[in-house]
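Here are my notes for your review. Please read them with the model open.

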Amino acid sequence: MAKTKTAFFCQNCGSQYPKWVGQCASCKQWNTIVEEVVQKEEKRTWKSGASTTKKVSSPLRISEITNEKEQRLDTQDQEFNRVLGGGLVPGSLILLGGEPGIGKSTLLLQIALKLSYKTLYVSGEESQKQIKMRADRIHPNSENCYILTETKTQNIFQQIASLEPDILVIDSIQTLHTDYIESAAGSISQIRECTAELIKFAKESHTPVILVGHITKDGTIAGPKILEHMVDTVLQFEGDRNYVYRILRSLKNRFGSTAELGIYEMQGSGLREVNNPSEVLISKNDEDLSGTAIAATVEGMRPLLIEIQALVSTAVYGTPQRSATGFNAKRLNMLLAVLEKRAGFKLGAKDVFLNITGGISVDDPAIDLAVVAAILSSNADIPIEKGVCFAAEIGLAGEVRPVQRVDQRILEAEKLGFTSIYVSKNNKIGLKNTAIEIHLVSKIEDVVGVLFG
């Protein structure tokens, strides 16, 4: 065994230093450097007793490499499959992060109970009885899900060698520790070493591994940034505790798109997949209310219709307030400046509040026209007719700019019973004989004249 030595690591970014310093040179954070004991020991393979002899790979011409379609494992969850790009890829490592209590363990346990593959669910945070109580509430009967409460990686790999599961779930990576590193569980070196062992296991055995990761108070995944670089896929599970809806986003995906979105509804029996989120995100009000507009947006490959609410009132105090929930506040200020400069609406002395219903956040510029329509509707106290929606971006000159995939937005609005949609006249629309009326506009004044003229 080699001599034990110590090193200094930044708890924020994972940078290593030979001695203690007050400020990290990489992330510029103060008092984040801590000393950890690093023990260099010859590592054994993840499979006990297996030979470490490995064939050395040789370079190949790119034309000689076969391009076979990767077989994916169906998780029996349409939303999870969509975000992953079609299912679990054998040998892949997936990192799932989210706020405490948002439902990460519930989601993975629910998927593990539904799978037809042999699944090993390793928990370092809960006992087997706690997991059993949740399982009875979600999906009482499952013959393919095995529960293990263990935090030492060497013991976990012993059980893996005897059970030979098809899928491995680790809840969570911050609770694991290995004998090769003499530091506390959750430290920089332990997270990096445990993840490296799991990557080696996944690649050698072609077993998909799903890791649960904690997040910091800033909303980023805890541990070194290299953790996100090491894994194949990084998923973010988010939502507002005051709402029942949860959103699964892909931040990194080597096997699919990073623009996909999965929506769930939290219920007493677990998480329910929301296959048609547009009907959920739009309120069913019988009476006409001012300050409400419907926007046609696209998240990944999925078109959504969302409801935008605005409230414009006279400022009581000297400085007008600008508040946005689910929308970029800086972009709201930009749109208000365009309305005042280009369209002549005096909103500088008024409070403006904006809210996207359902507790979701949208950064698609195609909702700009709906935001403007909602603000003007509230300012004039004139409701927008039912059956009207919007899909266009607003430029600094007050022009209505085209957006991508407008045909999908129009078809989604038509499917949900909308009668008219406002889009830019510069959009190339390939649809013909649609039941929905398409209004082509070029400036904000064109929309104002039709809606509030």
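Which residue in β7 is the bridge partner of L120?

1. This is a predicted model. Within it, L120 has L168 of β7 as its bridge partner.

2. That pair brings in two strands. β5 covers residues 119–123 and β7 covers residues 167–171. They run parallel, and five bridges join them. In general, strands of a sheet pair through backbone hydrogen bonds, in either a parallel or an antiparallel way.

3. Now the whole sheet. Nine strands form an open sheet with mixed pairing. The order is β6-β5-β7-β8-β4-β9-β10-β11-β12. The edges are β6 (145–149) and β12 (270–273). Each has a single partner strand, so one side of each lacks a neighbour in the sheet. From one strand to the next, the twist averages 25°.

4. A helix packs on this sheet. Helix α3 spans residues 128–138 and touches β5, β6 and β12. The direction of α3 makes about 150° with that of β6.

5. Next, a single residue, D446. D446 sits in helix α11, which runs over residues 444–452. Is D446 buried, partly exposed or exposed? D446 counts as partly exposed, because its relative accessibility is 33%. The cut-offs behind that call are under 20% for buried and over 50% for exposed.

6. What does the side chain of D446 contact? The side chain of D446 makes a polar contact with the side chain of S442, at 3.0 Å. D446 can also be placed relative to V400: the two are 46 residues apart in sequence. In space, D446 and V400 are 9.5 Å apart, C-alpha to C-alpha.

Technical notes
Residues are numbered from 1 along each chain as its sequence is written. This is a predicted model: local features need pLDDT of at least 70, side-chain atom pairs count only at pLDDT 80 or more; totals for chains, interfaces and linings use all residues. Side-chain values use heavy atoms; hydrogens and water are left out. Two strands pair if DSSP finds at least two bridges between them. Helices (H or I, at least four residues) and strands (E, at least two) are DSSP runs, numbered from the N terminus. Axes are lines fitted to C-alpha atoms, for helices over the stretch in contact, and angles run from 0 to 180 degrees between N-to-C directions. Contact means heavy atoms within 4.5 Å. Buried means under 20% relative accessible area, exposed over 50%, partly exposed in between (1.4 Å probe, protein chains only). A polar contact is a pair of N or O atoms within 3.5 Å; within protein, one must be able to donate a hydrogen and the other to accept it, and residues adjacent in sequence count only if both atoms are side-chain atoms.
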